[in-house]
Amino acid sequence: MLLLDASQLSELKLVRRGKVREVFEWGADELLIVSTDRISAFDAIMQTGIPDKGRILNQMSAFWFENLSDVIGNHVISTDDARIGTALPSGVRDSLRGRTVLARRTTPLPVECVARGYITGSLLKEYRAIGGGVHGLDLPGGLVDGSRLPEPIFTPATKAETGHDENIGFAEVVNVVGQETATRLREVTLELYRRAAAHAESRGLILADTKFEFGLTDDGELIWIDEALTPDSSRYWDGALYQPGQAQPSFDKQYLRDYLETSGWDKNPPGPSLPDDVVLATRAKYLMAYERIVGRPLD
């Protein structure tokens with residue numbers, strides 16, 4: 001299994017190096033985005049990567065961007081290795097196969113758009129502390145961990161460069177991007193979630209929640225950017241094992257987080273090295289989510 005910790009694309013100008021992705025200039029209006037095998041938890045990058053994780057994220061995003069393009073346009077120009085590879089140094093082409101996307105350049109909006117169909121995680125904590133009025137919403141009483149919500153809800157958050165994102169209400173989104181754009185973000189986020197959740201359900205998975213990012217092109221078009229409904233940005237549960245009132249078996253980073261909670265790590269960067277069994281089990285969960293959603297083995 002090939003592990004890519006960094007792209008080693010020194011010939012291109014690096015725009016941004018995130019926890020997982022590296023973004024490079026590719027002409028005046030385009031970007032090259034590379035998905036590595038790095039994995040983060042609790043805002044720290046682990047010293048051990050997950051083999052094939054970047055390929056899974058990139059190709060799963062490509063699937064969703066293509067299949068939901070009628071809801072909203074997205075940043076993808078091409079994910080064709082043959083097209084992109086011809087402009088890459090020969091020494092890195094093989095290591096980057098299946099990991100790159102040629103994308104439209106945008107100005108990202110400073111809001112993470114979160115859709116939830118079930119209550120768990122941070123929303124559950126706020127619900128237990130505040131009650132049904134969390135986020136200015138009117139949630140019913142008596143919800144437990146994993147309860148399905150009457151309707152999917154929009155729970156946006158700030159995009160923090162460091163530290164944790166903070167959940168905010170819709171009114172705060174309006175203050176940041178304006179009424180028209182905020183309304184459009186909410187509509188698109190919920191429609192993407194509904195469509196994706198229906199597809200996941202047809203494959204035996206529950207899409208509990210997910211987050212989206214959007215950006216504006218130079219001519220003012222709002223488009224979907226970053227990643228699309230991957231195990232890094234979404235919470236997938238096994239429909240056959242779903243049982244409200246407890247933590248659900250998932251196909252995302254929760255397995256890693258659970259291990260770290262008992263590892264003795266103090267949650268301060270850098271993240272620790274991971275044992276082989278945790279690496280392989282995490283890879284298996286990402287791979288299973290990909291294969292069930294996309295319907296074919298990883299290329």
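**A pocket, a strand and a valine**

Let's start with the second largest pocket. Its lining has 15 residues, and Tyr118, Arg148, Tyr193, Ala197 and Glu201 lie nearest the pocket's centre. Keep in mind that this is a predicted model.

Which elements give two or more residues to that lining? They are strand E9 (111–118), strand E10 (148–154), helix H6 (179–202) and strand E12. How does the lining divide by residue type? Ten, written 10 on my slide, are nonpolar, one is polar and four are charged. As for space, the second largest pocket holds about 230 Å³.

Now stay with E12. This strand covers residues 205–216, and E12 pairs with E14. The sense is antiparallel, and there are five bridges. Here is one to find on the screen: Leu205 has Asp238 in E14 as its bridge partner.

Next, E14 itself. Why do we call this strand largely enclosed by the rest of the structure? E14 runs over residues 234–238, and four of its five residues are buried, so the rest of the structure largely encloses it. Buried here means under 20% relative accessible area.

Last stop, Val176. Where does this residue sit? Val176 belongs to helix H5, residues 170–177. Its relative accessible area is 46%, so we call Val176 partly exposed.

What does Val176 touch, leaving aside neighbours within four places in sequence? Val176 is in contact with Pro110 and Val111. Look at Pro110. Along the chain, Val176 and Pro110 are 66 residues apart, yet 7.9 Å separates their C-alpha atoms.

Terms used
Residues numbered from 1 in each chain as written. Predicted model: local features only at pLDDT ≥ 70, side-chain atom pairs only at ≥ 80, totals over all residues. Heavy atoms only, no water. Buried < 20%, exposed > 50% of the residue type's maximum accessible area, 1.4 Å probe, protein only. Pairing = 2+ DSSP bridges. 1 Å grid on protein atoms, 1.4 Å probe; cavity = no way out; pocket = protein on both sides within 12 Å on 5 of 7 lines; lining within 4 Å. Points joined across faces, edges and corners; volume = space filled by probe spheres on them. Nonpolar A, V, L, I, M, F, W, Y, C, P; charged D, E, K, R; others polar. Contact = heavy atoms within 4.5 Å.
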